[in-house]
Amino acid sequence: MKRIQLCVLATALIFGVGCQGVSVSVKDKNGETLLKESMDIYAKMKSFHAKYTWIASYGLGPAVKAEREISFVAPNQYNLNSKIDSGATFVAISSGVDSIGYTTPTSGAVQKAAAASSIAEDKSMMLQHPMFCGTPVLQFFGGSARYGEVVDVSKGAPTVLADEKVLGRPCVPIKYYAKGQNGNTTVWVGKADLLVYQVVYDNAELAKLMSSAEMKKLSGGTAPPKMETRETYSLIEPSAEFKDKTIFEAKVPAGSKVIEVPTQSKQASSPIKEGAVAPNFVVKTLEGKATSLSDFKGKIVLVDFWATWCGPCRESLPITEKLYKQFRDKGLVVMTISDEKKSAVTPFLKENKYTFPCYLDAEGSAFSAYSVESIPTLLIVGRDGKVISCESGFGGEAPIRAALKKAGLSL
């Protein structure tokens, strides 16, 4: 995995960074030009290997940290993994023919789809969402031709900031507003090679999903909680050589349920159709008592699939708690379900003073029944046992209330 110019050999050995064998200049260039040149460098890579630390702070508790790795062979073979400090690992693999995504310890479900034509065009949840394996750097492999899909030019031109060092390497910070949910983004590109050594973004578009009133409630003050995600690269190896080719084999873990996705470009936001009979499942209380969805037949049930490491879940759970307290005496049943261990869940609930009923899905029964591949996923079941609503992601309190009203709950 080495292709290093003698001119920067000492630096490369210190920082674990390989060079492209090209000379670049950043003097007197504007932000757009530097970004496009960086993107074109990534687009020309035939292979790439990197390791980086990912830290996300959502202003609602301790930051979430992960150690991540990217192994990539152009145009569409990859192995991405993200090891969260809480113990979970997200894995995304593409053989160039098929792609899979799953979580270990496995939730029992593996999403499988035909591979995208390139890593920059991959629309799978694992690569698109920063909480899983997503990173803005993946879009750079599409080259400058995709500049308009990376930078929201309507929010202004990219700005070049004062030079800074990242892990000792001289870099040029470039600030811009990103397309998608990342919002205000700054990338630090190396002055010698224009490779990305650090990325910071504030999730501005994610914050907009919540009303100002909800944000004030979550933050406990007059301003929304500060959100920031930081990615710092400790190892970058362009033109990497992978001796073990099996890392790119899209093998489904034994015992997992495969969820076929017809095309990545048409993934549904809802794991199960409205009006369908809600599949039953069995989970256990924190005390170990088996409980099934069918136990609550004839009642309106709100099911919230979540995890302690999930940033968006930290935003949605206070709303779930609020609805539980407000409507538990009016016939609403709340089931919050995590596939983590009791040792991880119990302290989290205590720390945040949550009182809603919580269940553990160690066997992946519930997650598998509803094809849950992203969290939070909120499910509302009517008194007749049919699905009123099942949506992945958190869009604020209003849609949940609307679904509860549709189910017949007196608001």
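Q: Why is K155 called partly exposed in this predicted model?
A: The relative accessibility of K155 is 44%.

Q: What makes the pair D152 and K155 a salt bridge?
A: The side chains of D152 and K155 meet at 3.8 Å, N to O. The cut-off is 4 Å between a side-chain nitrogen of Lys or Arg and a carboxyl oxygen of Asp or Glu, so the pair qualifies.

Q: Why does D152 count as buried?
A: D152 has a relative accessibility of 13%, and buried means under 20%; D152 therefore counts as buried. The residue is found in the loop between α5 (147-150) and β7 (159-160). Leaving aside neighbours within four places in sequence, D152 is in contact with Y177, A178 and K179.

Q: What makes the approach of the D152 and S154 side chains a polar contact?
A: The distance is 2.5 Å, and the limit for a pair of N or O atoms is 3.5 Å.

Q: How do you know that K251 is exposed, whereas E249 is partly exposed?
A: K251 has 58% relative accessibility, and exposed means over 50%. E249, with a relative accessible area of 33%, falls between the two limits of 20% and 50%. The side chains of E249 and K251 meet in a salt bridge (3.2 Å, N to O).

Technical notes. Residues are numbered from 1 along each chain as its sequence is written. This is a predicted model: local features need pLDDT of at least 70, side-chain atom pairs count only at pLDDT 80 or more; totals for chains, interfaces and linings use all residues. Side-chain values use heavy atoms; hydrogens and water are left out. Helices (H or I, at least four residues) and strands (E, at least two) are DSSP runs, numbered from the N terminus. Buried means under 20% relative accessible area, exposed over 50%, partly exposed in between (1.4 Å probe, protein chains only). A polar contact is a pair of N or O atoms within 3.5 Å; within protein, one must be able to donate a hydrogen and the other to accept it, and residues adjacent in sequence count only if both atoms are side-chain atoms. Contact means heavy atoms within 4.5 Å.
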